[in-house]
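Please look over the sequence and the structure shown below before reading on. The report that follows takes up a few places in turn and then the chain as a whole.

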Amino acid sequence: MASYDVIVVGLGGMGSAAAYHLAARGRRVLGLERFGPVHNRGSSHGGSRIIRQSYFEDPAYVPLLLRAYELWEKLERDTGRDIFSLTGGVFIGRQDSLTFSGSLRASRQWGLAHEVLDAAEIRRRFPTLSPHDDEFGLYEAMAGFARPEATVAAHLQLAERSGADLRYEEPVRSWKASAGGGVQVTTVDGVYTADQLVICPGAWAPDLLADLGLPFAVERQVMYWWQPEAGVAAFRPERHPVYIHEDASATQIYGFPAIDGPEGGAKVAFFRRGQICTPETIDRKVHPEEIRAMGDHLAGVLPTLPGRFLRAATCMYTNTPDQHFVIANHPEHPQVTVACGFSGHGFKFVPVVGEVLADLATAGSTSHPISLFDPRRDFSTSPEALLEVYP
């Protein structure tokens with residue numbers, strides 16, 4: 001029976017970062033992944049994820065984001081990979097919308113550089129966008145995008161370089177914490193023991209962390225790529241920002257510049273408009289009516305989209321009722337650390353979550369502010385209920 005200092009279950013965004021940070025601290029790390037090293041079966045794929053600091057979900061996230069940005073830069077330096085880019089970002093909605101007002105709240109509270117733009121100014125500066133006259137945008141120069149596949153690959157590369165034993169195509173069947181300390185993990189191929197266990201299960205949280213009793217909901221999401229009318233010239237990263245738009249019905253979409261060349265198109269998606277599923281039952285096919293619905297919505301927000309449909313892909317959100325994360329030592333087993341429920345807005349935190357998980361697994365605590373993510377919290381409060389609307 002092989003034994004390690006720490007076993008990391010799940011090597012997607014969070015797990016790959018945890019494996020790296022733990023191995024870099026000299027721990028003997030075993031990483032277990034049910035699929036290959038970089039795959040499209042979970043939540044860490046799709047070519048791009050928005051990164052931003054003016055965080056409308058809750059200003060409490062901002063200190064973590066500031067550290068995450070430092071670690072994004074370090075990850076690029078240490079690997080030489082193209083991992084993230086700053087394009088600027090504009091977050092648009094009516095004055096009382098969560099997207100605009102929440103972004104403004106976070107920016108003011110933390111003194112983040114930002115600009116408030118009315119609809120006419122948004123259209124002037126970014127002619128690819130066409131907000132309604134009663135909408136405003138918060139522009140943040142520090143916003144941009146990260147490449148999820150490259151991020152996972154970079155963390156895995158550094159973890160192996162630091163001595164981590166990474167095993168793929170080896171799903172975990174069960175885990176058990178011993179009363180006297182230590183853990184035992186059973187996979188399809190064997191049994192392993194360790195002093196500590198870090199579980200980053202993504203959409204498999206309802207199964208691997210059923211003992212937490214948390215009401216996780218796994219949601220199928222679809223990402224779309226379109227070729228704009230007249231091509232992608234106006235959507236080049238130096239001209240077109242990342243964006244989030246919230247309409248009068250509180251429907252949010254998000255989108256990116258054309259980051260993959262003339263034939264790569266521009267990526268867009270709805271935010272939180274999916275179907276409940278499981279990793280086993282998710283429908284991987286994208287249906288014509290879904291494509292039409294996305295195209296119809298885009299026509300009212302971006303003047304040269306939808307244009308020509310190129311392709312689509314599915315992924316999964318693992319949501320908590322309050323849409324905040326779960327990051328903590330297990331309430332019943334201090335030798336087990338959990339990271340899950342990232343609710344569709346977690347990838348930008350990947351580098352700092354890896355650092356937090358390494359802290360929790362090695363020291364039992366962290367200096368990073370994570371009280372918001374306690375699994376024992378009251379889940380009855382939604383993000384909208386926490387919002388203070390600014391004039």
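## Serine 85

Is serine 85 buried, partly exposed or exposed? Serine 85 is partly exposed, since its relative accessible area is 25%, where buried means under 20% relative accessible area, exposed means over 50% and partly exposed lies in between, with a 1.4 Å probe and protein chains only. This is a predicted model, in which local features need pLDDT of at least 70 and side-chain atom pairs count only at pLDDT 80 or more, while totals for chains, interfaces and linings use all residues. Residues are numbered from 1 along each chain as its sequence is written, and side-chain values use heavy atoms, with hydrogens and water left out.

Serine 85 belongs to strand 4, which covers residues 84-86; helices (H or I, at least four residues) and strands (E, at least two) are DSSP runs, numbered from the N terminus. Not counting residues up to four places away in sequence, serine 85 touches Ile51, Gly144 and Phe145, a contact being heavy atoms within 4.5 Å. Aspartate 374 stands 289 residues from serine 85 along the chain, and the C-alpha atoms of the two are separated by 31 Å.

## The chain as a whole

The protein chain has 9 helices and 20 strands, and its C-alpha atoms fill a box of roughly 65 × 40 × 40 Å, taken along the principal axes. A compact globule of 391 residues would have a radius of gyration near 21 Å, and the protein chain agrees with this at 21 Å; the radius is taken over C-alpha atoms, and the globule rule is 2.2 Å times the number of residues to the power 0.38.

Of the 391 residues, 59% count as buried, and among contacts between residues at least 6 apart in sequence, 74% join residues at least 24 apart. The accessible surface of the protein chain comes to about 15000 Å², of which 49% belongs to carbon and sulfur atoms. The protein chain carries 36 positive and 46 negative side chains, and the centres of the two sets lie 3 Å apart; Lys and Arg count as positive and Asp and Glu as negative, with His and the chain ends not counted.

## Helix 8

Helix 8 runs over residues 350-363, and its 14 residues should span 20 Å at 1.5 Å a residue, which agrees with end C-alpha atoms that are 20 Å apart; the expected span is 1.5 Å times one less than the number of residues. Directly after helix 8 comes glycine 364, whose phi is positive, near 80°.

Helix 8 is mostly covered, with 12 of its 14 residues buried, among them Val350, Val353, Leu357 and Ala361. What covers these buried residues includes helix 1 (13-24), helix 2 (62-79) and helix 5 (148-161), as well as strand 12 (191-199), strand 19 (326-329) and strand 20 (336-340).

## Helix 3

In helix 3, residues 98-110, the 13 residues should span 18 Å at 1.5 Å a residue, and the end C-alpha atoms are 17 Å apart, which agrees. Because 10 of its 13 residues are buried, helix 3 is largely enclosed by the rest of the structure. The buried residues include Leu98, Phe100, Leu104 and Arg105, and helix 3 is followed by glycine 111, whose phi is positive, near 65°.

## Loops and backbone details

Proline 303 sits in the loop between helix 7 (288-299) and strand 18 (308-319), where it is partly exposed, with a relative accessible area of 42%. Although proline 303 and proline 127 are 176 residues apart along the chain, their C-alpha atoms are separated by 8.1 Å. Leaving aside neighbours within four places in sequence, proline 303 is in contact with Pro127, Thr128, Leu129, Ser130 and Glu229.

How values were computed: Areas by Shrake-Rupley, 256 points an atom, 1.4 Å probe, with all protein chains shown as cover. Charge placed at Lys NZ, Arg CZ, Asp CG, Glu CD.
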